[in-house]
Amino acid sequence: MRVAGAAKLVVAVAVFLLTFYVISQVFEIKMDASLGNLFATKPPRYKCGISKACPEKHFAFKMASGAANVVGPKICLEDNILMSGVKNNVGRGINVALVNGKTGGVLDTKYFDMWGGDVAPFIEFLKSIQDGTIVLMGTYDDGATKLNDEARRLIAELGSTSITSLGFRDNWVFCGGKGIKTKSPFEQHIKNNKDTNKYEGWPEVVEMEGCIPQKQD
């Protein structure tokens with residue numbers, strides 16, 4: 001009986017010590033986490049969530065193409081979401097945001113269905129863009145099937161180099177301007193390729209960020 005009682009006492013002490021150890025460890029972890037949160041320095045947040053601040057007289061932008069035919073593209077400029085699925089102003093085809101190159105103010109947002117639509121309204125829209133306008137474009141689903149040579153030429157005049165090879169269901173984002181004298185450095189293009197596509201029938205989303213020089217008088 002005494003042996004059994006001693007064994008029970010040893011087990012009880014062991015359980016107590018183990019419980020105490022676990023509690024103390026959890027408590028210390030929580031304390032460390034609390035102190036870490038208390039003294040941690042939050043990284044700075046830049047406009048549109050870009051990775052670094054833009055210099056003076058530049059507009060910060062970030063954009064992403066659509067994801068397959070499920071999630072629409074997103075265009076942000078100076079912390080202002082110009083186009084997105086949440087704003088309900090995006091659609092299949094090529095999505096376009098026009099911005100005043102001097103003030104950064106939004107002039108227009110539109111999308112043109114390049115699968116089941118007509119390219120003619122898109123061409124007229126491109127011809128109506130005024131000099132000094134910043135032009136941001138992103139594809140969703142398919143942005144190329146209805147494009148013809150004239151539409152591609154007008155987009156190339158805005159500074160695009162990839163528009164000539166944009167194909168069925170390619171993902172593409174572009175930022176250029178009317179009256180630009182050189183090719184734009186702001187362009188990303190991923191080809192639709194069944195061997196490399198991230199989604200069935202569509203390539204992965206393309207994202208791009210940067211700083212657009214403000215137009216000077």
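Residues are numbered from 1 along each chain as its sequence is written, and side-chain values use heavy atoms, with hydrogens and water left out. Because the model is predicted, local features need pLDDT of at least 70 and side-chain atom pairs count only at pLDDT 80 or more, while totals for chains, interfaces and linings use all residues.

**View 1. A salt bridge joins E78 and K47.** The structure holds 7 salt bridges, a salt bridge being a side-chain nitrogen of Lys or Arg within 4 Å of a carboxyl oxygen of Asp or Glu. In the pair shown here, the N to O distance between the side chains of E78 and K47 is 2.7 Å. E78 lies in the loop between β2 (74–77) and β3 (80–83), and K47 in the loop between α1 (2–39) and β1 (58–64), so the contact ties together parts that are 31 residues apart in sequence. Helices (H or I, at least four residues) and strands (E, at least two) are DSSP runs, numbered from the N terminus. E78 is partly exposed at 26% relative accessibility, and K47 is partly exposed at 41%; buried means under 20% relative accessible area, exposed over 50%, and partly exposed in between (1.4 Å probe, protein chains only).

**View 2. D113 and R92 form a salt bridge.** Their side chains meet at 2.8 Å, N to O. The pair links distant parts of the chain, 21 residues apart: D113 is in the loop between β5 (106–112) and α2 (119–128), and R92 is in the loop between β3 and β4 (93–100). D113 has a relative accessible area of 22% and is partly exposed. R92, at 30%, also counts as partly exposed.

**View 3. K127 and E150 form a salt bridge.** The closest N and O atoms of the two residues are 3.0 Å apart. Because K127 lies in helix α2 and E150 in helix α3 (residues 149–156), the pair ties together parts that are 23 residues apart in sequence. K127 is partly exposed, with a relative accessible area of 44%, and E150 is partly exposed, with 29%.

**View 4. Strand β1 pairs with β9 and with β2.** Two strands pair if DSSP finds at least two bridges between them. β1 and β9 (residues 207–213) run antiparallel and are joined by 7 bridges. β1 and β2 run antiparallel and are joined by 4 bridges. F61 has G210 as its bridge partner in β9 and L77 as its bridge partner in β2. β1 is mostly covered, with 5 of its 7 residues buried.
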